[in-house]
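The exercises below each set a task and then work through it step by step. Please keep the sequence and the structure at hand while you read.

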Amino acid sequence: MTESCLVRPTTGYTFVGQGDASVGKEDGVNEHGLAVGMTFVAANHTQPGFNFLFIVRYLLEKSTTVQEAITLLHTLPICTSQNIILADQHGDMAVVECCSEAIVVRRPRGEEQFLVATNHFIEPTMLNFDGKPEQNWYLSETRYHTAQQALMMTQNSADSILFAQQILSGKLGFVCQYKKDLNFDSLWSFIVRLNDLTIVRSEGNPSTTKYAEDTRLTWAIRKK
């Protein structure tokens with residue numbers, strides 16, 4: 001089961017988040033325009049601490065900017081391996097590659113105005129902590145290059161939401177068009193335009209399921 005929730009904590013920030021566990025979240029955006037997501041990475045070591053579900057929810061509830069989220073991440077005990085994707089309304093963005101043993105912040109390079117993360121680490125100092133059993137695990141590297149190449153060709157699309165939909169639904173190369181015999185699939189797809197907190201979500205594999213707008217966050221902000 002997967003679910004998308006509007007969360008209005010009494011001691012934290014309001015956010016919309018998605019996940020496949022009732023307590024934790026795997027992506028979302030809060031009332032201050034901070035977007036947080038994660039991509040799982042195979043671990044070769046674990047220890048007691050926060051898993052990715054609690055990391056994403058904690059950052060959404062307690063951070064307003066990318067820098068605040070990075071600072072908080074450095075204070076948390078982490079037990080799982082993942083990429084934490086961060087972006088805010090100020091135009092700041094980062095991918096935090098982290099596991100129980102290390103944490104590295106990745107920023108856009110050169111003239112690139114984007115970041116991509118799939119299910120493997122990119123930073124050289126993190127490669128020894130990546131426990132994937134095979135090269136191109138679940139086509140992680142293929143998906144990374146699809147998104148990377150699409151964004152390099154079109155960094156300033158006139159319709160950013162439509163462009164993101166085209167990437168994620170596989171219109172510009174392989175992203176989630178998995179063969180049925182893999183018994184593996186994309187469960188949802190979440191896009192947010194941070195300028196105005198426009199949210200669209202595909203409740204299923206985006207290659208076969210249409211996106212629909214979600215207005216709950218803007219409604220909740222107006223009700224405050």
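**Exercise 1.** How many residues lie between β3 and β4 in their hairpin, and which residue in the turn has a positive phi?

*Solution.* Before starting, note that this is a predicted model, in which local features need pLDDT of at least 70 and side-chain atom pairs count only at pLDDT 80 or more, while totals for chains, interfaces and linings use all residues. Residues are numbered from 1 along each chain as its sequence is written, and side-chain values use heavy atoms, with hydrogens and water left out. Strands are DSSP runs of E with at least two residues, helices are runs of H or I with at least four, and both are numbered from the N terminus. The hairpin of β3 and β4 has four residues between its strands, and G33 in the turn has a positive phi of about 80°. The two strands pair in the antiparallel sense over three bridges (pairing requires that DSSP finds at least two bridges between two strands), and D27 stands opposite G37 in β4.

**Exercise 2.** Describe the whole sheet and name the strands at its edges.

*Solution.* The sheet is open and has seven strands in the order β1-β2-β3-β4-β5-β6-β7, with antiparallel pairing. Because β1 (3-7) and β7 (103-106) stand at the edges with a single partner strand each, one side of each is left without a neighbour in the sheet. The partner of β7 across four antiparallel bridges is β6 (residues 93-98), and V104 in β7 is the bridge partner of E97.

**Exercise 3.** Work out how α1 and α2 pack against each other.

*Solution.* Helix α1 (residues 52-62) and helix α2 (residues 66-73) pack at an angle of about 130°, with their axes 10 Å apart; axes are lines fitted to C-alpha atoms, for helices over the stretch in contact, and angles run from 0 to 180 degrees between N-to-C directions. Residues I55, Y58, L59 and K62 in α1 meet E68, A69, L72 and L73 in α2, where contact means heavy atoms within 4.5 Å.
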